[in-house]
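Here are some questions and answers for a reader new to this structure.

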Amino acid sequence: MTEILFVLFAVVALGGAFGVVLSRTPVASLLFMVATLASVAGIYVLFEAHFLAAIQVLVYAGAIMVLFLFVIMLLNLGHDYRADLKYGLWSLLALVVAGLTAGVLGQAFWGASDTGFRGDGAAVAAALDAAVREQGAAGVIAEPLFTDYVVAFELMGLLLLVAIVAAVVLAKPKT
Amino acid sequence: MLAYALLLSAALFVIGTLGVIVRRNAIIIFLSIELQLNAVNLAFVALSRYTGIEGQLFVFFVMTVAAAEAAVGLAIIISIFRHYKTVNVDRFNLLKW
């Protein structure tokens, strides 16, 4: 069952990714992207990362994609049908870069087996499941976030503040 | 399933790279970068099953950075659009020689 769902989500994610790159209108690209994000969230669920799956749907597919949609609407790019794929030397370069990246990543990932990727995989998974049963799906992420990684967490807040101020300043019309 | 998830993440990353290289629309290039971030997130989540909860924490941070990046990047795109009346990256040649 898990394998069937995984294949389904993987196919939707890959198809959506190709749709993002190849579709002619920005709005269609965006909707393909939402499909990809939703199916990646499904794969998160298969890996027992329920909280991240919820965040993925709410924040990524919900907020960030709607932000993109607002900008497309605001700039009135929704019916910009001119093909904007680069051909010639660029497609050659793209093929070379994609081939190299795929080769390196594929070689690194091909041998990853389900048990013993680093240490005892099954024991780590069992410990994670026990922690989720005890603290809940959000608690198991929140606990290290507010203890070991609290500095990084606060810096994240600062980063978001800076990003908000920067976005407002940049997007404001010059008077 | 770990190997397949990692290979899927590699495939998504490569497709995102392709999108960054071959498209001219700045917004689609941005979407492709988001796709690459998502591919890395997928690898993190898949590996967190085998190395501990830290992988999921990093996904949390990556999502925050992606949100900040989307806000600032889209503001820059709006600002550029005001100046050039287009989001075609071939027209932004001020720094080219």
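Two residues are in contact if their C-beta atoms, placed from the backbone, lie within 7 Å. The model is predicted.

Q: Which residues does B:V45 touch, not counting residues up to four places away in sequence?
A: Contact here requires C-beta atoms within 7 Å. Leaving out residues up to four places away in sequence, B:V45 touches residues of both chains: in chain B, B:G55, B:Q56 and B:V59, and in chain A, A:Y44, A:F47, A:A49 and A:L52.

Q: Which element gives the largest share of the side of chain B that touches chain A?
A: In the model, 59 residues of chain B are in contact with 71 residues of chain A. The elements giving two or more residues to the chain B side are α1 (2-22), α2 (26-51) and α3 (54-84) of chain B. That side divides into 44 nonpolar, 12 polar and three charged residues. The largest share of it, 20 residues, comes from α3(B).

Q: Are α6(A) and α3(B) roughly parallel or roughly antiparallel?
A: The axes of α6 (residues 150-171) of chain A and α3(B) come within 8 Å and cross at roughly 10°. Angles under 35 degrees count as roughly parallel. The crossing angle therefore makes α6(A) and α3(B) roughly parallel.

Q: How do the residues of the contact of α6(A) with α3(B) divide?
A: On α6(A), the contact includes A:A152, A:M156 and A:L159, and on α3(B) it includes B:F61, B:T64 and B:A68. The residues of this contact divide into 17 nonpolar, two polar and no charged.

Q: Are α3(A) and α2(B) roughly parallel or roughly antiparallel to each other?
A: The contact is made by A:L52, A:F68, A:V71 and A:I72 of α3(A) with B:I27, B:L31 and B:V45 of α2(B). These residues divide into seven nonpolar, no polar and no charged. The axes come within 12 Å and cross at roughly 175°. α3(A) and α2(B) are therefore roughly antiparallel.

Q: Which element gives the most to the largest nonpolar core?
A: This core has 67 residues, and A:Y44, B:L12, B:I27, B:L31, B:L42 and B:V45 touch the most other members. It draws at least three residues from each of domain 1 (1-96) and domain 2 (135-175) of chain A. Elements giving two or more residues include α1 (2-22) of chain A and α3 of chain B. With 15 residues, the element that gives the most is α2(B).

Q: How far apart do the C-alpha centres of domain 1 and domain 2 of chain A lie?
A: Chain A is divided into domain 1 (1-96) and domain 2 (135-175). Their C-alpha centres lie apart by 24 Å.

Methods. Residues are numbered from 1 along each chain as its sequence is written. Chains are lettered from A and ligands numbered from 1 in the order in which they are written. This is a predicted model: local features need pLDDT of at least 70, side-chain atom pairs count only at pLDDT 80 or more; totals for chains, interfaces and linings use all residues. Helices (H or I, at least four residues) and strands (E, at least two) are DSSP runs, numbered from the N terminus. Ala, Val, Leu, Ile, Met, Phe, Trp, Tyr, Cys and Pro count as nonpolar, Asp, Glu, Lys and Arg as charged, and the others, Gly among them, as polar. Axes are lines fitted to C-alpha atoms, for helices over the stretch in contact, and angles run from 0 to 180 degrees between N-to-C directions. Angles under 35 degrees count as roughly parallel, over 145 as roughly antiparallel, 65 to 115 as roughly perpendicular and the rest as oblique. A nonpolar core is a set of buried Ala, Val, Leu, Ile, Met, Phe, Trp, Tyr and Cys residues joined through C-beta atoms within 7 Å. A residue is buried if 20 or more other C-beta atoms lie within 10 Å of its own, exposed if 12 or fewer, and partly exposed in between; C-beta atoms are placed from the backbone. Domain bounds come from an automatic or database domain assignment.
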